[in-house]
Amino acid sequence: MAGSCEYICGVFSKTLSSYGGFVVSNNRFVETLTITPGVGFATGPHAFSAACVSKALEIIERDNGKLRAEIDELRSFYVEELKRNRCANIIHCGHNVFVSYPHLYAATTLAIDMRKRGYLMSSFMFPSVPLDRSILRLTVTPLMTRDIYRGFCKALGESMEFLAKERFGDEVMFGKHSKAYYDELHPAGDEAADEAKQKTE
């Protein structure tokens with residue numbers, strides 16, 4: 001990246017659950033960029049976040065990919081546990097795992113019910129995602145253990161069963177999205193990749 005473009009933009013929101021976008025450049029106009037006073041996602045990183053991110057990058061570079069391999073293994077375990085507990089629409093990329101539901105606010109209702117069960121998670125609905133769905137974002141971190149993920153996935157399955165019975169029905173809680181949805185997501189998600197593989201065989 002360095003040397004191939006004049007500006008490099010990024011965000012540390014996915015590092016140590018931090019926040020703060022950044023733009024770096026040798027171009028003198030970079031100095032004209034300003035930081036807003038805490039509006040939305042436009043805040044710059046404070047000193048603590050910058051120090052944590054710097055240390056995290058140092059550790060990641062030092063361990064020769066061991067930490068990344070551990071996270072990949074943990075994510076695979078996590079996805080299998082979600083499937084075991086009847087999550088139908090799983091999308092995973094990097095250290096984020098998403099479970100999507102074919103309903104405007106089902107994921108947000110799930111997040112509220114899961115909070116009562118002792119788990120805090122992020123949910124998204126329109127306009128963050130298209131109007132016909134809502135999603136849960138479940139982040140994989142090296143601080144989590146298999147036991148924690150196993151317990152979480154079991155609780156999520158129980159919450160889905162409860163809401164299927166009390167409010168949304170099985171089609172929303174356990175039903176797959178339409179094929180067009182997976183075409184839109186490809187190549188994210190095992191189901192989309194498996195479907196594409198079957199076509200070529």
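Helices, which hold at least four residues, and strands, which hold at least two, are DSSP runs numbered from the N terminus. The model shown in these views is a predicted one.

**View 1**
The chain has 201 residues, of which 35% count as buried. Among the contacts with a separation of 6 or more, 60% are accounted for by residues 24 or more positions apart. The accessible surface comes to about 12600 Å², and carbon and sulfur atoms hold 57% of that surface.

**View 1. The open sheet of four strands.**
The order of the strands in this open sheet is E3-E4-E6-E5, and their pairing is antiparallel. Strand E3 (90-93) and E5 stand at the edges, and because each has a single partner strand, one side of each is left without a neighbour in the sheet. On average, and with direction ignored, neighbouring strands of the sheet are turned by 25 degrees against each other. Between E3 and E4 the antiparallel pairing extends over 4 bridges, and Ile90 has Val99, a residue of E4, as its bridge partner.

If residues up to four places away in sequence are not counted, Ser122 touches Ile135, Leu136 and Arg137. Ile135 is 13 residues apart from Ser122 in sequence, while their C-alpha atoms are 8.5 Å apart in space.

**View 2. Helix H3 across the sheet.**
H3 lies across E4, E5 and E6, and it runs at about 45 degrees to E6. Which residues of H3 are buried? They are Ala106, Ala107, Thr109, Leu110, Ala111, Asp113 and Met114, and the elements that cover them include E4, strand E5 (122-124), E6, H4 and H5. After H3 comes Gly118, which has a positive phi, near 100 degrees.

**View 3. The largest nonpolar core and Leu138.**
The largest nonpolar core has 32 residues, and those that touch the most other members are Tyr78, Leu82, Tyr101, Leu136, Leu138, Leu156 and Met173. At least two residues of this core come from each of helix H2 (66-84), strand E4 (96-101), helix H3 (106-116), strand E6 (134-139), helix H4 (146-168) and helix H5 (170-174). Of these elements, H4 gives the most, with 9 residues. With its neighbours within four places in sequence left aside, Leu138 is in contact with Tyr78, Leu82, His95, Asn96, Val97, Val99, Met121 and Phe152.

For the sulfur of Cys153, in turn, the closest cysteine sulfur is the one in Cys87. The structure as a whole holds 0 disulfides.

Technical notes: Residues numbered from 1 in each chain as written. Predicted model: local features only at pLDDT ≥ 70, side-chain atom pairs only at ≥ 80, totals over all residues. Heavy atoms only, no water. Buried < 20%, exposed > 50% of the residue type's maximum accessible area, 1.4 Å probe, protein only. Contact = heavy atoms within 4.5 Å. Areas by Shrake-Rupley, 256 points an atom, 1.4 Å probe, with all protein chains shown as cover. Core = buried A, V, L, I, M, F, W, Y, C linked by side-chain atoms within 4.5 Å. Pairing = 2+ DSSP bridges. Axes fitted to C-alpha atoms, helices over the stretch in contact; angles between N-to-C directions. Disulfide = S-S within 2.5 Å.
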